[in-house]
Structure formats: structure tokens, C-alpha cells
Amino acid sequence: MLRRFLVTLITVLVLIPAAAQAHKPSDSYLTLAEDQGALTGQWDIALRDLYYALGLDANDDGAITRGELKARRDAVAAYALARLKISAENKVCALRPTEQLVARHSDGAYAVLRFAAACPAAVERLEVSYRLFFDLDPQHRGLLQLVQGEANESAIFSPEAPVQSFTLGTPRPWRQLRTYLWEGVWHIWIGFDHILFLLTLLLPAVLLRRDGAWRPVGGPRDAFGQVFKIVTAFTLAHSITLSLAALDVVALPSRLVESVIAASVVVAAINNLVPVVTRRLWIVAFAFGLIHGFGFAGVLADLDLPGGALLVSLLGFNLGVELGQLAIVAVFLPLAFLLRGTGFYPRVALPAGSLAVAGVATLWLIERAFNVAPLVAL
Amino acid sequence: MSIHNFNASWFDHFIRGCGMTVLILAGSILNPTAASAAPFVPSDNGEVLERLPTPSDAGQRELRRLRAELSKKPNNLDLALRLARRYITIGRTEADPRYYGYAEAALNPWWNLQVPPVEVLVLRAVLAQARHAFDAALADLGLVLDVDPRHAQAWLTRAFVLQVQGRPNEAGESCGRLPSGISPLIAATCRGRVESLSGRAAEGYARLEQALERSPDADKGLRLWALTNLAEIAGWRGDGVAAERHFRNALSLGLSDAYLLGAYADLLLDGDRPAEVRELLAGSIRVDALLLRLTLAETALGDPEAAGHVAALEARFAASRRRGDARHRREEARFTLQLLQRPAEALGLALENWQTQREPADARLVLEAARAAGAPDKAGPVLEWLEETGLEDTRIDALVQRLWEGEV
């Protein structure tokens with residue numbers, strides 16, 4: 001009896017041929033796609049494996065029909081999704097099944113689970129924990145494709161490596177451009193000192209100083225010409241210094257830069273009240289623009305530029321600043337142009353506006369130069 | 001290019017090549033589902049999506065019963081070993097690695113212990129061998145034999161692994177250590193195979209043939225194994241008639257065995273009998289190695305099925321590479337050489353396979369690919385090995401003779 005058992009046992013086990021006369025082993029195919037911050041997934045799981053785990057063959061006839069699979073679709077989704085955990089920035093994303101299909105792979109039919117992942121945090125650093133079938137078949141593998149636009153990353157989950165982290169690749173250039181463009185726009189809008197400086201320079205642009213008195217310019221052409229020169233000079237100047245600073249060619253202490261910016265606003269405002277420079281204001285715009293450029297560079301540095309795409313972000317930021325300025329000009333210019341002929345504009349708007357600006361900018365100057373607490377809350 | 005058509009004219013090759021190209025192109029256009037996996041919604045509730053291993057089968061029923069029992073008592077070692085052995089047996093005959101995974105799962109509580117029970121170590125070695133992790137298998141077997149130097153299964157598995165690694169002399173030593181109480185047919189099969197791989201083919205053949213005559217009542221599975229080995233040895237010696245007789249005897253035992261089917265199909269392909277291969281393997285498309293042989297037969301016959309099967313094989317090899325699986329190199333090399341007809345690439349795969357597997361079939365692949373790729377010097381390691389082992393294989397001898405002649 002013992003001998004018989006021994007022989008049977010040996011017979012059974014020695015026969016395993018080394019030649020790979022194999023079926024495909026058990027794999028699942030998981031695709032995660034990130035698009036505009038949204039994360040979706042498709043998971044192809046072999047029906048053979050689902051059968052082993054869940055017993056899909058209701059009538060036990062050795063065949064899984066569509067009806068049998070359909071009847072268990074919720075169970076299939078629940079079983080699979082309970083064994084997949086996706087987290088973004090250490091916060092778990094809720095997985096919601098959206099659709100269930102069937103696909104034929106080279107080794108048989110697979111259930112195709114589509115799902116959406118609702119992540120509480122931005123999808124940048126993903127952690128994927130995969131535990132499907134490892135308890136039933138430790139040779140099972142989860143083959144992950146992580147898709148982000150054109151970029152594609154793959155990974156293999158096994159019982160030895162069930163949890164893996166991914167950093168979604170460096171964003172594509174256009175996306176980066178767009179991001180920094182927006183940062184530029186945003187910064188000019190919240191950067192009151194730049195707006196005030198620009199507006200202060202633009203206030204007299206619809207007027208001409210002649211014989212110690214303000215006169216309205218003739219037509220829109222003249223007004224536009226003046227504004228164009230000022231804005232272009234300012235832009236050109238701060239683009240130059242912004243680039244130089246961002247590329248680490250020139251570095252100035254930020255306290256000095258911020259103080260000089262405040263001073264530039266004061267000077268420009270006083271110049272409107274007690275005109276010293278009345279022609280070629282664009283030279284003033286250029287000169288102070290150089291300083292304002294260093295101010296922008298400080299902001300850009302705080303944004304943590306990705307080293308690889310510095311030029312793209314620089315370009316985007318610059319363009320954003322320009323777009324922000326243009327928006328201000330587009331609102332200001334028609335208004336000022338319409339009011340230029342009224343007595344109100346040169347006698348009230350210009351001096352009162354300039355005085356107010358000078359006041360605020362002086363406070364800024366004190367705050368920044370002497371490093372004191374804010375004197376005016378904005 | 002398989003051996004049987006070495007003497008065919010260049011025109012014959014040309015026509016076959018053209019036919020194959022057309023078939024493959026047509027396949028990728030007409031049969032996209034074979035390779036890709038576009039999701040769809042099945043139309044009809046009765047549509048069969050997947051066929052399973054027949055659940056009504058007594059073996060499968062027994063498996064289910066054991067599995068249910070073990071899930072209640074997962075720490076029962078005897079039960080776990082019984083179930084694991086069952087799974088391994090089925091995995092072998094069905095050539096389905098999923099069962100090996102199930103076996104591993106059954107042994108999970110002991111799998112990673114510092115010192116697993118001896119029987120778990122043995123099965124761990126057997127499963128490592130099935131995964132082609134030969135060194136891991138030998139390490140585990142070494143541990144077993146340290147504890148129990150008379151462990152028959154361990155010596156036998158060790159002999160088998162060494163034999164696959166192309167180390168017939170060491171394999172022979174392992175066969176020699178099999179305890180005397182073991183079935184003589186097992187011992188004879190172990191020694192006969194190893195002898196015929198190391199320059200003593202006549203001796204090995206006679207030993208095995210005799211042992212078979214003396215064990216008419218041996219277990220069917222064991223006889224099938226011995227007959228398959230005997231047939232292979234006859235084939236290596238160039239006795240196609242005897243080989244066929246032994247294969248047919250093995251088949252007549254009525255057991256399903258993927259290895260037997262593959263080996264017999266190879267004999268038929270070498271004999272230019274593709275129609276019989278197509279008949280033999282008609283239902284075997286699940287098993288990669290058998291699908292490969294079926295597709296070779298279909299190609300030779302100009303069967304339109306071939307194109308879809310080529311695409312399916314390509315997809316399976318791609319999937320296995322994605323998974324980092326080295327098990328399929330032999331098949332992939334043969335596929336690349338004989339079906340895709342990309343000899344340079346095939347040679348690379350054959351040489352890669354040669355790093356882990358060194359059986360006559362692996363040597364033959366390197367030689368065929370090296371010759372077809374016009375790089376006979378790349379076959380150097382194989383020639384050295386042939387010199388060292390003294391393997392007697394008439395087809396390999398013919399290949400070596402023609403190695404420097406180049407082809408087509």
C-alpha cells in the first residue's frame with residue numbers, strides 16, 4: 001500500500017516536462033488614464049480567473065455565457081474593485097464602475113471593467129495597490145499601463161510588489177506653457193504695484209502737456225500711439241530683466257527690488273502732479289520696467305520652475321504678464337479717451353488719481369524699505 | 001525552416017515564403033480579434049464567452065471538494081499537500097500554469113517559512129522547475145536531500161532539472177541515487193533518457209524498452225511517460241518508425257498529455273506529414289506550444305486558419321514578454337524562425353533560450369537559426385556542448401554538417 005502510494009506520487013510529479021507546453025498564465029490588464037486631472041481606468045480580467053474566484057458558471061455546464069456573466073456583473077465589479085486601491089497624494093480615490101464589457105484576448109475572453117476614480121487630491125503622485133487573485137494564484141500578474149497623453153508607463157504587480165508609486169510624467173510643453181501663462185496673468189492682476197505703475201504712466205497718455213497745461217490729444221491714433229509706446233517699452237524692459245533673473249544671470253536682493261518698484265510708482269505719480277518728464281514717457285516706462293522685471297522673477301522663482309522646461313515656463317509667464325497688461329489697457333484706454341476732453345479728466349481724475357497712487361505707493365515704499373508691517377491692507 | 005525541407009528547391013522555399021507572407025498580412029487584416037482586444041457588448045445572452053475545464057469531470061469534482069475542504073482548514077498540511085499535488089498533476093497534463101499557481105496558493109502558509117516542511121520544499125522545487133526557475137529548484141532540492149538523502153521525488157526532479165540544463169552526467173548521478181524501492185520503470189526512464197543524451201543512446205533505448213516490457217501493469221501515467229521518452233530517444237536515433245510506434249502506443253493509453261502531443265507532432269512535422277498534425281492538434285489551440293505546431297502544419301497545407309493563429313501566437317508571446325516571463329523562449333524562437341521567417345531575430349531568441357534550456361530541441365533551434373541567418377559561428381556554444389555530451393541525434397548531426405553551407 002505504501003509502495004503503491006509512493007509510486008503514484010512519483011509518477012504524478014516527475015512527469016512535469018520542462019518544455020514550455022504552456023497556456024498563457026493568468027494576467028490582468030489594467031490601464032489608468034489621466035486626462036485634465038481626471039483619472040479613468042479599464043481593467044481586463046480573464047473570465048477563467050473570475051470563474052475560479054466567483055464561480056460564474058451558474059448552471060455548471062463548463063461554459064460561461066453572456067447571461068451568466070451579466071447576472072454577476074455587480075459581484076464582478078465589487079470583487080475586483082475591492083482589490084484595487086488608488087491614492088493620489090496619500091488620499092484614497094473612490095472607484096466607481098462605469099461600464100462592463102467583454103474582450104477577446106489571445107487566450108480567451110476577459111471581462112472589461114471600466115471605472116472612474118474620484119481623487120480628492122491632484123493626480124500627480126499616484127500610489128496603486130493591487131491585490132487581485134494573489135491569494136488564489138500567486139503567479140497571477142497585474143500588468144499596468146499608465147497613460148497620460150502621449151506618455152506611457154508600464155508596471156507589473158506581483159505578490160512581491162503589490163504596491164507601486166508613480167509620478168505622472170513632466171507635463172507636455174503646451175500644458176506647461178498654459179500653466180505659466182495663467183500664472184503670469186494672475187500675477188499682474190494681483191500685483192497691484194505693477195498695475196498702479198502702468199496706470200499712472202497711462203493716465204496722461206490721452207493728454208498732451210503744452211505751455212504748462214494739459215490738453216486732450218486729437219484722435220484715437222495719437223492716444224493709441226502713446227499707450228502703445230509706453231506699454232511696449234515697459235514690456236520689453238521687464239521681459240529682459242525677468243529672463244536674466246530667471247536664467248540666473250543677474251540676481252538682486254528682493255527687498256531692494258520691491259522698494260525700488262514702490263519708489264517707481266511714487267515717482268510716476270508725482271510726475272503727473274508736477275510734470276517733469278512730459279515727453280517720451282516710454283523711456284521712464286522702460287527704465288522702471290527693468291526693475292519691475294526683477295519683481296516678476298521673484299514670483300517665478302517661488303513657483304518652483306521645472307528645470308527641464310525653463311524656457312517654456314519663462315515664455316508662458318511673460319506672455320501671461322503681457323496678456324494681463326493688455327486687458328488692463330483695453331479697459332482703461334477707451335474710458336480715458338472718452339473722458340479726455342472733459343475738464344474733469346485733467347483737473348480731477350488725473351491729479352486725484354495720481355495723488356492717491358502716490359500716497360499708497362509711499363506707504364509701500366516705507367513698508368518695504370524699512371521692512372515694517374503693512375500700513376495699508378489691500 | 002524545419003529540417004524536412006532542407007532538400008527542397010529554392011523555388012519551393014520561395015513559394016512557401018510568399019504564401020506565408022500573404023497569409024500573415026491577410027491575417028492581420030481579416031482577423032484583428034486574434035491579436036487585439038477591442039471591448040464589445042455581447043449580443044445574445046446565450047452566447048458562450050468562455051469554455052472552462054469540464055467541471056463534470058471526476059478529477060475536477062475532486063479538486064473542488066478538496067479546495068472547499070482546505071478553505072475550511074487552511075492550515076491542514078496533509079490536505080494542502082494533497083490538493084497541491086492534484087493541481088500540479090492537472091497543470092502538467094493540461095499544460096495550464098494556472099494550476100501551478102493554485103498549488104502554490106494551497107501551500108501558502110508554509111511557502112515562505114524559514115524551514116518549510118520537506119514535502120512543501122519538494123513541491124516548491126517542482127513548481128520552480130515548472131516556471132523554469134531551475135536554479136531555485138536545485139537549491140530547494142538540495143535542502144530536501146540534506147535532510148532526507150533517500151527522497152525519491154527529490155532525486156528524480158533533480159535529475160530532470162539537470163537534464164534540461166544540459167548536464168546529463170550530473171543528471172545520471174541523480175538517477176543513480178534513486179532508492180532501490182522505487183518502481184524499476186521510473187528508474188529506467190530516468191537513466192535511459194540521460195544515457196541517450198550522453199552518447200549511449202543504444203544502451204538507454206534498450207534499458208527503457210526492456211523495463212517497459214517488464215512492467216505491463218505499471219500505472220498508465222507512468223507508462224505514458226516512459227513511452228514518450230522511448231519514442232523521443234528513437235526519434236533522436238533516426239528511427240522514425242519505432243518512434244511513431246511508441247508515440248501511438250502512448251496515445252492509445254487514452255490519457256490527455258500535452259507534452260506527448262507536442263513531441264508526436266514534431267515527429268510528424270519532420271516527416272512532412274502536416275495533415276496528420278492538423279488532425280491531431282485540432283482542439284489544442286489553448287496550449288501555446290501545440291498551437292505553434294498546429295499553425296506550422298496549417299501553413300504547410302496552405303490552410304487559411306494559419307493567419308489568425310499566427311496573429312494569436314504573436315499576441316501571446318508579446319503578452320508573456322510583457323509579464324517578464326522567460327518560459328516561452330523556445331517556442332518563440334521557433335515561431336520567429338519558422339513562421340515569421342526572421343532568422344536573425346530567431347537566432348537571438350534561440351541563444352537566449354540556450355542560456356537556460358539545453359535539450360536536443362534547443363540545440364537544434366540554435367543550429368537552424370544560425371544557418372538560416374548565415375551566422376554559423378554563433379552556434380559555437382552548441383557545437384561545444386555537442387562535443388562535450390556526445391549527444392547522438394541524426395537530425396542534429398545533419399544540421400551540423402550543413403551549418404556552413406548557408407541556405408536559400
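This is a predicted model: local features need pLDDT of at least 70, side-chain atom pairs count only at pLDDT 80 or more; totals for chains, interfaces and linings use all residues.
A disulfide is a covalent bond between the sulfur atoms of two cysteines.

**Stop 1: a disulfide in chain A**

Please select A:Cys93 and A:Cys119 and display their side chains. These two residues form a disulfide, with their sulfur atoms 2.1 Å apart. The angle about the S-S bond is 105°, and the link is right-handed. Colouring by secondary structure shows where the two cysteines lie: A:Cys93 belongs to the loop between β5 (91-92) and β6 (94-105), whereas A:Cys119 belongs to the loop between β7 (108-118) and β8 (125-130). The bond thus links distant parts of the chain, 26 residues apart. Over all chains, the structure holds two disulfides.

**Stop 2**

Next, select residues 94-105 and 108-118 of chain A, which are strands β6 and β7. Strands of a sheet pair through backbone hydrogen bonds, either parallel or antiparallel. In which sense do β6(A) and β7(A) pair, parallel or antiparallel? The pairing of β6(A) and β7(A) is antiparallel and extends over 11 bridges. Two residues stand between these strands, and the arrangement is a hairpin. To follow one bridge, select A:Pro97 and locate its partner in β7(A), A:Phe115.

**Stop 3: an open sheet of four strands**

Now display β5, β4, β8 and β11 of chain A. In that order, β5-β4-β8-β11, they make up an open sheet with antiparallel pairing. Which strands stand at the edges of the sheet? They are β5 and β11 (163-167); each has a single partner strand, so one side of each is left without a neighbour in the sheet. The partner of β11(A) can be examined directly: β8(A) and β11(A) pair over five bridges in the antiparallel sense. Within this pair, A:Val128 is found opposite A:Gln164 of β11(A). While viewing the side chains, recall a general rule: in a regular strand they alternate between the two faces of the sheet.

**Stop 4: a second hairpin**

Move to residues 207-210 and 213-216 of chain A, strands β12 and β13, which pair in the antiparallel sense over four bridges. A:Leu207 lies opposite A:Pro216 in β13(A). This is again a hairpin, with two residues between the strands. Select A:Asp211 in the turn, where phi is positive, at about 55°.

**Stop 5: strands that pair across the chains**

Colour the two chains separately, then select residues 63-65 of chain A and residues 48-51 of chain B. These are β3 of chain A and β1 of chain B, and they pair in the antiparallel sense over three bridges. One bridge joins A:Thr65 to B:Val48 in β1(B).

**Stop 6: the whole interface**

Finally, select the residues of each chain that touch the other. On the side of chain B there are 81 residues, in contact with 63 residues of chain A. The area buried between the two chains is about 6700 Å², and carbon and sulfur atoms give 58% of this area. B:Arg98, B:Arg322 and B:Arg323 supply 13% of the area that chain B buries against chain A, more than any other three residues.

Display the side chains of A:Asp27 and B:Arg323, which meet in a salt bridge at 2.5 Å, N to O. Across the interface, five salt bridges are found. Polar contacts between chain B and chain A number 23 residue pairs, both residues being at pLDDT 80 or more. Helix α5 of chain B (residues 97-106) gives the most to the side that touches chain A, with eight residues. By class, that side of chain B has 41 nonpolar, 16 polar and 24 charged residues.

Terms used
Residues are numbered from 1 along each chain as its sequence is written. Chains are lettered from A and ligands numbered from 1 in the order in which they are written. Side-chain values use heavy atoms; hydrogens and water are left out. Contact means heavy atoms within 4.5 Å. Buried area is the accessible area (1.4 Å probe) that two parts lose on being put together, summed over both. A salt bridge is a side-chain nitrogen of Lys or Arg within 4 Å of a carboxyl oxygen of Asp or Glu. A polar contact is a pair of N or O atoms within 3.5 Å; within protein, one must be able to donate a hydrogen and the other to accept it, and residues adjacent in sequence count only if both atoms are side-chain atoms. Ala, Val, Leu, Ile, Met, Phe, Trp, Tyr, Cys and Pro count as nonpolar, Asp, Glu, Lys and Arg as charged, and the others, Gly among them, as polar. Two strands pair if DSSP finds at least two bridges between them. A disulfide is a pair of cysteine sulfur atoms within 2.5 Å.
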